[in-house]
Amino acid sequence: MVMITVRAVRAAGGFLFPLLVLAPVALAPGCAPAPARMRGPEEPRAAGLPSTVYAAHRGGALEVPENSMAGLVAAYRRHTADVLDVDVRTLRDGTLVAMHDPTLDRTTDHKGPVADLTTRQWRRVRLRPGHSLPGRWPREHPPTAEAVLDRFGGRIVLNVEVKDGGGLKRLAAMLRKRGLTDSVYVQSNELSQAARAHRMGLLTSVWRSVKQARTDRPEHWRSTVDMLSVDYRARDADIRRAVRSGVPRVWSHTIRTPQARDRVLRLGCDGVLTDAPRLLARTPQRHPRRDAARDGTEDATGDETGDGAEDATGDAAGDAKRDKTGGPHAGRDR
């Protein structure tokens, strides 16, 4: 209900002008939401990110329910990440929603392809938080991309991965409408999709697998890719090649341990996408020597032809096994 009081004020010449005084507005259910707020010059932009970036992958999938509003809010309020990362897919009626997998089976109380649902059907879906997550989490409705942008746009830099090509045009329109084209990376594994996003005037982000990193020549994309994320299990030589490519930012995914973080920073990466932002925030970095790696002057400290395995922790091998058996990163997909 909108409450309005009217009083009159006297102006020069004796004329009375009405002055509207608006009391706090309460919108009744079903009313349109307030328009997106205007951004101020002090609000976060990708160009203002720190020299070492921590991005909460799906909100921090080892600490919060992935791609959930509650999880993203928790990651934002904890101040342990500079960037929030979220995946989006397209429903049958074109609505963009926050969801990583092509099906509902793993993370919700429903089954079947995400792309088969309408928005009305989507509202009946509830997330199913993993039992291994710390804390207690609601079985909430998974958010739409629009809800995520309205909640966090202009408050923190976002990395939004478009999981199907059909959603790019709609996402671009949403970013332009909200004035977020300089604070949201639009990510894909497809270089052609990054080129399309670049032509639309968007910040582009590309992730690459271990296999792709072996043959990639990212110096060829430096004019169209704003951020490149390389699998942390890639060879030292492949990560260094990415770092020296001229792409403005080179991050690594998906980091779960301080040891993995320290290795990729030592090799020259200036950011990590992590499932455990709280853990990494509590663990100091160990002298990354990033400048030397980017200049090409760092001595070879790792196996240039190896598989990028971590030190004696066995971290890379363990994560590779987990990726095949399930969990937040089941399968090849980031």
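Q: How do the axes of α3 and α4 cross, and within what distance do they come?
A: Two packed helices are described by the angle between their axes and the distance between the axes. In this predicted model, the axes of α3 and α4 cross at roughly 25 degrees and come within 11 Å. Angles under 35 degrees count as roughly parallel, and α3 and α4 are therefore roughly parallel to each other. Their crossing is right-handed.

Q: Which residues of α3 and α4 make the contact?
A: From α3 come Ala145, Glu146, Leu149 and Asp150, and from α4 come Leu171, Met174, Leu175 and Arg178. An α-helix has 3.6 residues a turn, so residues three or four places apart point the same way. Sorted by class, the contact of α3 with α4 has 5 nonpolar, no polar and 3 charged residues.

Q: At what angle do the axes of α1 and α3 cross?
A: The angle is roughly 20 degrees, and the axes of α1 and α3 come within 11 Å. That makes α1 roughly parallel to α3. The crossing in which α1 passes α3 is right-handed.

Q: Which residues of α1 meet α3?
A: Met69, Leu72, Val73, Tyr76 and Arg77 of α1 meet Ala147, Val148, Arg151 and Phe152 of α3. By class, this contact of α1 with α3 has 7 nonpolar, no polar and 2 charged residues.

Q: Which residues touch the most other members of the largest nonpolar core?
A: In soluble globular proteins, nonpolar side chains tend to be buried together. Here the largest nonpolar core has 29 residues, and Leu84, Phe152, Leu158, Leu171 and Leu175 touch the most other members. At least two residues of this core are supplied by each of the helices α1 (69-78), α3 (145-152) and α4 (168-178), and by each of the strands β4 (83-90), β5 (96-98), β6 (157-162) and β7 (184-188). The largest share of the core, 5 residues, comes from α4.

Q: What is Leu175 in contact with, leaving aside its neighbours within four places in sequence?
A: Leu175 is in contact with Leu149, Leu180, Thr181, Val184, Val186 and Leu202. A second, separate core has 23 residues, including Tyr232, Ala242, Val250 and Val264.

Q: Is helix α8 mostly covered or mostly uncovered?
A: To judge a helix, one looks at its residues in turn. Helix α8 (residues 258-266) is mostly covered, with 7 of its 9 residues buried. The buried residues in α8 are Pro258, Ala260, Arg261, Asp262, Arg263, Val264 and Leu265. Charged residues are thus named in that list, among them Arg261, Asp262 and Arg263. Just after α8, Gly268 takes a positive phi of about 115 degrees.

Q: Where is the place of His141?
A: His141 lies in the loop between α2 (119-122) and α3. Buried means under 20% relative accessible area and exposed over 50%. His141 has a relative accessible area of 27%, so His141 is partly exposed.

Q: What is His141 in contact with, leaving aside its neighbours within four places in sequence?
A: The contacts of His141 are Trp122, Arg123, Val125 and Arg126. His141 and Arg126 are 15 residues apart along the chain, and their C-alpha atoms are separated by 4.6 Å.

Q: How many helices and strands does the protein have?
A: The secondary structure comes to 11 helices and 11 strands. Of the 334 residues of the protein, 49% count as buried. Among contacts with a separation of 6 or more, 59% are between residues 24 or more positions apart.

Technical notes:
Residues numbered from 1 in each chain as written. Predicted model: local features only at pLDDT ≥ 70, side-chain atom pairs only at ≥ 80, totals over all residues. Heavy atoms only, no water. Core = buried A, V, L, I, M, F, W, Y, C linked by side-chain atoms within 4.5 Å. Buried < 20%, exposed > 50% of the residue type's maximum accessible area, 1.4 Å probe, protein only. Helix = DSSP H or I, 4+ residues; strand = E, 2+ residues; numbered from the N terminus. Contact = heavy atoms within 4.5 Å. Axes fitted to C-alpha atoms, helices over the stretch in contact; angles between N-to-C directions. Parallel < 35°, antiparallel > 145°, perpendicular 65-115°, else oblique. Left-handed = near helix turned anticlockwise from the far one by under 90°.
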